[in-house]
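Please open the model in a viewer and keep the selection panel at hand.

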Amino acid sequence: MEEPRAKILALETFCVEQVPPTVYYVPNFISKSEETYLLHQVYAAPKPKWTQLSGRKLQNWGGLPHAKGMVPEKLPAWLQGYAEKISSLGAFGGKLANHVLVNEYLPGQGIMPHEDGPLYFPTVTTISLGSHTLLDFYHPVSRGQHADSEQVPTPQTEEQRHFLSLLLEPRSLLVLREDMYVRYLHGIRPATSDAITEKVANVVACSAALGDELRRGTRVSLTIRHVPKEISFAGTRACFLIFRQI
């Protein structure tokens, strides 16, 4: 479904230039009081809502996406308003965001280069809370390798595949679409500080400057997406009962 042009224009002012299509970076998308409110809600969530991973911990809201579809759960009110606000910009082709992943990163934590995959509408939106981070982008391992009849190509290193970064400051909104979503990997280095170099493509839209060294604090990210394939609990139960009879 093609997104209404009037809606897309709401983000065009914030398009990051000289990078593959398409990145929108909106500084100060939320206020400091909103940031405080959201952080309070995140940490007020029941302990069972948290899942501890090796490099971070997270909360899953809206359902558990998987290949057969997501059984939707109603988003809490403190997330629903932001899902609606971002959806109104046309980020999801006129659809309403229905899934939010909350990640907590302590200084020194990160996430390896990855792609979000086909379970989601091909756009990811992220609100950052508490601290900045650098989001790094990489060519897939196979891209840019040239084989000939006499030499077997060797895998490129992660550093060689890294081609740009985006500085995500507190209270900002990031929107990734098109090639930046489907063609490239993204990740966060496990570091306690970040150097602002010429590889940071959106530095002109940020309060930092080239040459700065920024120390990380605890960062909480709200990753807001649309899962197109929803299934009913009744349908899931029926499939389970059929499976038991086979």
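**Stop 1: backbone exceptions**

Begin with Q18, which counts as exposed because its relative accessibility is 84%; buried means under 20% relative accessible area, exposed over 50%, and partly exposed in between (1.4 Å probe, protein chains only). This is a predicted model, in which local features need pLDDT of at least 70 and side-chain atom pairs count only at pLDDT 80 or more, while totals for chains, interfaces and linings use all residues. Residues are numbered from 1 along each chain as its sequence is written, and side-chain values use heavy atoms, with hydrogens and water left out.

Q18 is in the loop between helix 1 and strand 1; helices (H or I, at least four residues) and strands (E, at least two) are DSSP runs numbered from the N terminus. Although Q18 is not a glycine, its phi is positive, at about 60°. Most residues other than glycine have a negative phi, and most peptide bonds are trans. Next select P21 and T22: the peptide bond from P21 to T22 is cis, with omega near -10°. T22 is in the loop between helix 1 (5–12) and strand 1.

Then move to R171, in the loop between strand 8 (162–168) and strand 9. Its phi is also positive, near 80°, but R171 counts as buried, at 17% relative accessibility.

**Stop 2: the largest nonpolar core**

Select I127, L222 and I224, the residues with the most contacts inside the largest nonpolar core, which has 30 residues. Such a core is a set of buried Ala, Val, Leu, Ile, Met, Phe, Trp, Tyr and Cys residues joined through side-chain atoms within 4.5 Å. Elements that give two or more residues to this core include strand 1 (23–26), helix 2 (32–44), helix 3 (77–87) and strand 13 (219–225). Helix 3 gives the most, with 5 residues.

Around I224, display its contacts (heavy atoms within 4.5 Å): among them are Y82, A83, I86, F92 and I127, not counting residues up to four places away in sequence. Another core, of 28 residues, lies apart from this one and includes Y25, L166, L174 and L176.

Now select helix 3 itself, where W78, L79, Q80, Y82, A83, I86 and S87 are buried. Its buried residues pack against helix 2, strand 3, strand 4, strand 6, strand 9 and strand 13.

**Stop 3: rings and charges**

Phe, Tyr and Trp rings (for Trp, the six-membered ring) pair if their centres lie within 6.5 Å; planes under 30 degrees apart count as stacked, over 60 as edge-to-face and the rest as tilted. The count comes to 4 aromatic pairs. Select W61 and W78: this pair is edge-to-face, 5.7 Å centre to centre, with 80° between the planes. W61 belongs to strand 3 (residues 57–61) and W78 to helix 3, 17 residues apart.

The criterion is NZ of Lys or CZ of Arg within 6 Å of the ring centre and within 35 degrees of the ring normal. The charged end of K85 likewise sits over the ring of F29, 4.4 Å from its centre.

**Stop 4: a loop glycine**

Finally, select G90, in the loop between helix 3 and strand 4. G90 is buried, with a relative accessible area of 3%.
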